[in-house]
Amino acid sequence: MRIPVITLCFVVLVAACNRKTVPSKNKVPPPTTTLPGKPAPPNATVPPASADSPAVINPAIMGSPMIVIDGSGNIVTAKDKLPSDIAAKVHLSGLARSFTPAQKKNLVYRYKMIPPKVLYVPEGYVSKSARGKYIVYRKKFWYWQKADGLFHLDPTYYQ
């Protein structure tokens, strides 16, 4: 009597473990890419742009990020070259401070360069998060927008 119960439990256990727990693959074909200079195949479809995909930016139309204050505390971009709404809010002489010698040494050791302290960034380059608006400069330095409208280097790099 005891052997059939154990056998029944074993059969149920094997049957339960045999189920496929991996989700099925999506049957959508991958998008085709074409080489520059070659025409796209006639049946190629372009996938729609989603909110997660980065925007295509044309620097000739929109401009590019400008360094306002460099790592040595020098004012690189004059106030008259900034947009009028930002120029009215900002006092560049109050922002123009150099990194300390210890901070400069740390930045050069860690990143092989001294990044600018303050940037002006056109709206097309800006990304948004729960913490606020930001930009990633040279693929390694994060700048956050402050109330003056300019982007300041994240303090974790130099503190």
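Visitor: How do the residues of the lining of the second largest pocket divide into nonpolar, polar and charged?
Guide: This is a predicted model. In it, the second largest pocket holds about 180 Å³ of space and is lined by 10 residues, with Tyr 125, Val 126, Ser 127, Ile 135 and Val 136 nearest its centre. By class, the lining comes to eight nonpolar, two polar and no charged residues.

Visitor: Which strand gives the most to the lining of the second largest pocket?
Guide: Ile 135 and Val 136 are among the residues nearest the centre of this pocket. Both numbers fall within the run 133-137, and that strand gives four residues to the lining. The strand is E4.

Visitor: How many charged residues are in the lining of the largest pocket?
Guide: Lys 117 and Lys 146 are among the lining residues closest to the centre, and Lys counts as charged. The lining also has six nonpolar and five polar residues. The charged residues number four.

Visitor: Which strands stand at the edges of the sheet?
Guide: The sheet is open and has six strands, paired antiparallel in the order E1-E2-E6-E5-E4-E3. An edge strand has a single partner, so one of its sides is left without a neighbour in the sheet. That applies to strand E1 (66-69) and strand E3 (127-128).

Visitor: What is the bridge partner of Ile 69 in E2?
Guide: E1 and strand E2 (residues 118-120) run antiparallel and are joined by three bridges. Ile 69 is paired there with Val 118.

Visitor: How many residues apart in sequence are the parts that Glu 123 and Lys 133 tie together?
Guide: The model has two salt bridges. One of them joins the side chains of Glu 123 and Lys 133, at 3.4 Å from N to O, inside the 4 Å cut-off. Glu 123 is in the loop between E2 and E3 and Lys 133 is in strand E4, so the separation in sequence is 10 residues.

Visitor: Over which residues is the pLDDT below 50?
Guide: The mean pLDDT of the protein chain is 78, and 69% of its residues reach 70 or more. One stretch, with six contacts beyond near neighbours in sequence, is below 50: residues 44-59.

Methods: Residues numbered from 1 in each chain as written. Predicted model: local features only at pLDDT ≥ 70, side-chain atom pairs only at ≥ 80, totals over all residues. Heavy atoms only, no water. 1 Å grid on protein atoms, 1.4 Å probe; cavity = no way out; pocket = protein on both sides within 12 Å on 5 of 7 lines; lining within 4 Å. Points joined across faces, edges and corners; volume = space filled by probe spheres on them. Helix = DSSP H or I, 4+ residues; strand = E, 2+ residues; numbered from the N terminus. pLDDT = per-residue confidence, 0-100. Contact = heavy atoms within 4.5 Å. Pairing = 2+ DSSP bridges.
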